Amino acid sequence: MRQHEEKENGRIALKRELGLFSAVSIIVAVMIGSGIFVSPTSALEKSGSVGFCLIVWITCGILSLLGALAFAELSTVVPRSGAEYAYFIEAFSPLHRYAGQIPAFVCSWVYVVLLRPAEVAVVMLTFAEYSVQPFSNYLEDLPEESMSRLKKFIAVLALGLITYINLTSVKLYVRVQNIFTICKIVACVFVIGGGIWWLSTGHTQLLEKPFRGTTTSLGDVALAFYSGLWAYDGWTSAAVVTEEIQRPEVNILRSILIAVPLITVLYVSMNLMYMAALTIPEMVGARAVAVLWADKVLPSWLSFAVPLGVVLSTFGCGLSIQFGVSRLCYVAGREGHVPRVFSFVHIEKLTPAAAVAVQGILALVCLLLGNIIALIEFASFLTWVFYGLAMLSLIIMRRTKPDAPRPYAVPIVVPWLVLGIAIFLAVTPIIHDPSPKYLFALIFILLGVGIYHVYVYNKARSTFAVRLTYLIQALCLVVAPDKED
């Protein structure tokens, strides 16, 4: 079911509120979080030199663009929200009545229940950490436990605010997100400008022999690319909300062609400026690279700029991650892979209010649990498993849907290349650091398959589920969206 969302015609459904700028904004918002300001050092540590590190960042940007272009083609073949989730349904479901839907279900299970809520929680905690930093002089006498509680309280307030924005209306989300995206780009340009000034005053010693110390270990080269490619993750963001983008067959491709090269330029330039002022040991050992860089390069009266940049980046990033995963939850509800009430739409605001609310609650639970990083680590490698399956979906649908509308098509070598990269990124952490967390990931997936067998395939129902649906409808004021004529 596609969504034209025209309230004036009396239809209850989502609306196409996202234009080209907003589509660019959501990609930029998710791809640029706090990492480029706080810890963009793994690629440098493994590459061993400034020159090779920059090559890694440039190459990873190009590879990310190729993956994003493959998703742009997929979004025209399967013009539905949900990105890889929707592609799995179209590619694999016809192949086998039972097993064909398992990849899509596991995708929604991992993203909706665990990975994205945990990511939002971490991003909000980072927001809280840097929002109090300018006031550290006034809070230095506060006990450590009280400081931790204060940061967690601020994180909870920020989570409540992004949930309120996403509940209220897509137009409000668009306005807020566009403002924050512009601000975070300005923050990146500010760092680049400061670095250019630093270089112009003659501080070029650290760049004089750019390839000195380059690693000769193939394992380290692999890990350097692994770190770089993870930093670019988020290029699927526009495809996740396909049904809310105006003219998606045109604007998704355009947004990718604008956003991913822009972020590549920003990432490469910012890393160059960091490495022009800080030695490799300084960068690797820094708690927050941009803060250390600012202390060395910027006058003291500009020290607030970096924490402000992190605050702007994290808020916008958390807002867009929640926006995207709530749409995945909405689409999964339509398919019956999560309770159908999460595909219902608010009767006035025309937002998937139940899906947004449950994502807010799950993120809150993750935030209060404590060791969220462990949750993300044991599940995040699955992201590239899903990207690889998406490339396989594209290869399959070139054969099964040869006549599907394709305003453009990537060369077939692209999905095969990205599939290879996905396998590399999924396997590398397991080989490099084998640990029980990957066993836990397998157990979590098997638990999901068990739920799929009972509640999706066998369609088990309970009076509790019916009552819960009525309760959620009453609390969230949501109804089933109208079907397209």
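Predicted model: local features only at pLDDT ≥ 70, side-chain atom pairs only at ≥ 80, totals over all residues.

Here are a few labels, each set against its cut-off.

Me: Why is Ser255 called buried?

Reply: The label buried needs a relative accessible area under 20%. Ser255 has 0%, so Ser255 is buried. In the chain, 56% of the 485 residues count as buried.

Me: Where does Ser255 sit, and which residues does Ser255 touch?

Reply: Ser255 belongs to helix H12, which covers residues 248–277. Leaving aside residues up to four places away in sequence, Ser255 touches Leu20, Ala23, Val24, Ile27 and Ala238. A contact here means heavy atoms within 4.5 Å.

Me: What makes the pair of Ser255 and Ile252 a polar contact?

Reply: The cut-off for a pair of N or O atoms is 3.5 Å. A polar atom of the Ser255 side chain lies 2.7 Å from the backbone oxygen of Ile252, so the distance is within that cut-off.

Me: How do you know that the radius of gyration agrees with a compact globule?

Reply: For 485 residues, a compact globule would have a radius of gyration near 23 Å; the chain has 22 Å, so the two agree. The C-alpha trace spans about 70 × 55 × 45 Å along its principal axes.

Me: And what share of the contacts in the chain with a separation of 6 or more joins residues 24 or more positions apart?

Reply: Such residues account for 83% of those contacts.

Technical notes. Residues numbered from 1 in each chain as written. Heavy atoms only, no water. Rg over C-alpha atoms; globule rule 2.2 N^0.38 Å. Buried < 20%, exposed > 50% of the residue type's maximum accessible area, 1.4 Å probe, protein only. Helix = DSSP H or I, 4+ residues; strand = E, 2+ residues; numbered from the N terminus. Polar contact = N/O pair within 3.5 Å; in protein donor to acceptor, adjacent residues only side chain to side chain.
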